[in-house]
Amino acid sequence: MTTNFDKVVDRKGTGSIKWDKYADKPDVIPMWVADSDFETCPAVLEALHQRVDHGVFGYTEQPTDELADAIVYHLQRCYDWAIEKDWIVLLPSLVSGLNLACMVAGKPGDTVISPATIYPPFKTAPLNAGRELLTIPMKLENQRWVLDLDALEYALDSQDSVRMILFCNPHNPGGTVYNRDEISRLHALCKAHDVLICSDEIHCDLILDQDKRHIPLAMLNQDAAQRTITLMAASKTFNIAGLSCGFAVVANPDLRQALNRAAPGLLPEINLLGQTASAAAFAHGYEWMREQNDYLRANRDYLYQKINALPGLSMTLPEATFLAWIDASALNLDDPALFFEEAGVGLSPGNAFGDQRFVRLNFACRRTLLEKAVKRIANAVREIA
Ligand SMILES: Cc1ncc(COP(=O)(O)O)c(C=O)c1O
């Protein structure tokens, strides 16, 4: 390994929402919002330095040739997905993408489906767009959190107002990498009911299980390509979320046009430095990304073993992402996140994702910090269990 992910990077006072949340409680280790504590990869830093040294930051192509080429290269290299450059729609954030997608799903009053346990904007985006929200439960199957496709089938059979499903693969907070059978069944149901799919694949480069592969849903077949809006970004993997650059891949020209016209005048052009960083990440960051995944896998395995050895806590092994979805139900706490915050570990409360018995822990940090947090969690739990 050439990158030192153990390096201490002080993020306090750098405008980081993760760290500044606890500016008044410096003894809390922040492990909540989903950015990593690692420096981005050297190729990204170098590209940013070079671009800054140029000194001119005028209006910028959307996307730059460099970024479009890098996205095409990355998707081909990692997923064998051959896309056309003009399928790319740049976005300032994938949350904007979720909201725009809902705005093109039928008309106000129609229904958009979301998983019941999910990154919160999946449930606000349909409502923001004046659509009805219908949630489908996630279920634990062979120690994996998966969307209940029988429940989805039932919902689609019994409601004819559904126009879109918001799908999350890999899943946040469950860490599931859906396999070909699972996404094929989901697609078949959507095809049978003529439902669009917005597939948020922001975590797809963070595959931790070495025997798993991410399959972009839009790659399944021609029909999937035509009914899917795929959302992606370099932001999670390369820790550049603050540079506000994501994108949608939309093969269907009508859908692409609808997306581009959904919020006229409201979305900003995507800034040059975000494009520069994303282009460098996709063009030159592959080896670094693999090293980071090795480091994250080791953190995950450590955490999994420690958490499951504690009384009252359990977690499944996330196949992807740097997020652990921890079941604290056996502790019978009113507010598990508050309990752990008082013990010195700042986690995301499960109720934000749809299940108050859980907490979400972000393990994208140096190992020593994770060990310190685990010790605090262990001490707190042993005191009450
Ligand atoms: C599934 C998913 N989609 C979107 C986002 C946010 O993306 P952005 O910062 O580009 O809005 C996150 C952040 O955690 C996420 O987990």
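Start with the β-α-β unit. Select β3, helix α5 (residues 121-128) and β4: together they make a right-handed β-α-β unit. Right-handed means that, with the strands pointing away from the viewer, the path from the first strand over the helix to the second runs clockwise. Helices (H or I, at least four residues) and strands (E, at least two) are DSSP runs, numbered from the N terminus.

This is a predicted model: local features need pLDDT of at least 70, side-chain atom pairs count only at pLDDT 80 or more, and totals for chains, interfaces and linings use all residues. Residue numbers start from 1 along each chain as its sequence is written.

β3 (residues 111-115) and β4 (residues 132-136) run parallel, joined by five bridges. Strands pair if DSSP finds at least two bridges between them. Pick Val-112: its bridge partner in β4 is Leu-133.

Next, colour by domain. Domain 1 covers 17-41 + 286-384, and domain 2 covers 56-284. These bounds come from an automatic or database domain assignment. Show the contact: 25 residues come from domain 1 and 30 residues from domain 2. Contact means C-beta atoms, placed from the backbone, within 7 Å. On the side of domain 1 that touches domain 2, select α12 (286-308) and β12 (323-327), which each give two or more residues. α12 gives the most, with six residues.

Finish at the ligand. Select the 13 residues that surround it; the closest are Ala-34, Ser-93, Leu-94, Val-95 and Asn-172. A residue is near if its C-beta atom, placed from the backbone, lies within 6 Å.

Notes. Two residues are in contact if their C-beta atoms, placed from the backbone, lie within 7 Å.
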